[in-house]
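Subject: Structure handover

Hello,

Here is the structure I said I would pass on.

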Amino acid sequence: MSDIGALKPGTILGEAAKPPFAVLPDPCLLFLNRARRFAALAPNHELGPYLTFLSVLTGAQYAIQTDLPAPALPPFDRIGQALEHGMPPISRTVYEPDQTAVDTLERLLTRLEVAEVPPESTAAIQALLAGLQVHFARMASLLQASDLRPIANGACPVCGSLPVSSVVVGWPKAYNTRFCTCSLCGTMWNAVRIACLLCDSTDGISFRSVEDKPDTVKAETCDKCRGYVKILYQVKDPALDPLVDDVATLGLDMLMAEEGWKRGGQNPFLLGY
Ligand SMILES: [Zn+2]
Ligand SMILES: [Zn+2]
């Protein structure tokens, strides 16, 4: 009898997937990769001019980090207490911007030359959120991934924000497992493969895609809360980016809206959807 006979049905030969719980962002690479992906998708895309604009904006998120002072984390004991009680250590809901956060935002506004636009305009709000993304990614990168604990399937273990989307990754040690990407700090966390990221339901989950488009981006819908969050299959297309390809597949959101589904993923570049 060979050893193979002892394997249970469905066992994968070779190294089993052992996904890390969380992967912290590299704040430079995060925004540089987004800028490159936006630029790569823009030509011949129906949203071409907008994707080009976002390539410039995410490029600015990358570029302004040169010689910015290191961000300050909340006090060490406060981080410890939060982790102990299952709370996000850099919670966005209680965060108060310090001077470095303000400097980060000002640099972004200056670089984008949007300082003069009305503060309530979409462009100003996007720039503000983009500045916060940079600051939170830089703070998150100073934590230890091994300290982080799950908060909820659909909540970032660093800052408590909702995900942009989720991704089925092709990483060698986590092949075919699912990770959410935080809409604010860019941290990725391992999520239950088929469960609503908005209400945690594991019943009534379905997947939808646009008929004549590649099925590498789908909407994971939930009958219980009538919401959906996109799921991207990097296992099939490694170039997919959780934030960029969310914007680039706006057609899927329009289809879902027509059918009465509520968008659950948070994306500062899709305000109003
Ligand atoms: Zn986060
Ligand atoms: Zn749900």
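Predicted model: local features only at pLDDT ≥ 70, side-chain atom pairs only at ≥ 80, totals over all residues.

Residues are numbered from 1 along each chain as its sequence is written, chains are lettered from A and ligands numbered from 1 in the order in which they are written, and side-chain values use heavy atoms, with hydrogens and water left out.

Zinc sites

Donors here are N, O and S atoms within 2.8 Å of the metal (3.2 Å for Na, K and Ca); because water is not among the atoms, sites may look incomplete. As a reference, the ideal angle for four tetrahedral donors is 109.5 degrees. Helices (H or I, at least four residues) and strands (E, at least two) are DSSP runs, numbered from the N terminus. Cys156 and Cys182 are both buried. Buried means under 20% relative accessible area, exposed means over 50%, and partly exposed is in between (1.4 Å probe, protein chains only).

The zinc ion (ligand 2) is coordinated by Cys196 (SG), Cys199 (SG), Cys222 (SG) and Cys225 (SG), at 2.3 to 2.4 Å. The site of ligand 2 is tetrahedral, with angles of 103 to 118 degrees among its four donor atoms. The donor spacing for ligand 2 is C-x2-C-x22-C-x2-C. Cys196 has a relative accessible area of 4%, so it is buried. Cys199, at 28%, is partly exposed, and Cys225 counts as partly exposed with a relative accessibility of 28%.

Cys180 is in no disulfide, and the nearest cysteine sulfur, that of Cys156, is 9.6 Å away. Cys180 is buried, with a relative accessible area of 0%.

Aromatic rings

The whole structure holds four aromatic pairs. Rings of Phe, Tyr and Trp (its six-membered ring) pair if their centres lie within 6.5 Å; planes under 30 degrees apart count as stacked, over 60 as edge-to-face and the rest as tilted. One of the pairs is Phe38 with Phe269: the ring centres are 6.4 Å apart and the planes at 75 degrees, so the pair is edge-to-face. Phe38 is in helix α1 (residues 27–41) and Phe269 in the segment after β8 (262–263), 231 residues apart. Both Phe38 and Phe269 are buried. Tyr95 and Phe136 form another edge-to-face pair, at 5.0 Å centre to centre and 70 degrees between the planes. Tyr95 is in the loop between α3 (76–84) and α4 (99–112), Phe136 is in helix α5, and 41 residues separate them. Tyr95 is buried at 17% relative accessible area, as is Phe136 at 3%.

Two charges sit over rings, among them Arg226, which lies over the face of Trp261 at 3.9 Å from the ring centre. Lys236 lies over the face of Tyr233, at 5.0 Å from the ring centre. A charge sits over a ring if NZ of Lys or CZ of Arg is within 6 Å of the ring centre and within 35 degrees of the ring normal.

Single residues

Asp246 is in helix α6 (residues 244–248) and is buried, with a relative accessible area of 0%. Leaving aside neighbours within four places in sequence, the residues in contact with Asp246 include Val164, Lys230, Arg263 and Leu270. Contact means heavy atoms within 4.5 Å.

Ala248 is found in helix α6 too, and is buried at 14% relative accessible area. Not counting residues up to four places away in sequence, Ala248 touches Leu41, His45 and Leu51.

Trp189 is in strand β4 (residues 188–190) and is buried, with a relative accessible area of 1%.

Regards

Technical notes. Tetrahedral: all angles 85-135°; square planar, octahedral: opposite > 155°, others 65-115°. Disulfide = S-S within 2.5 Å.
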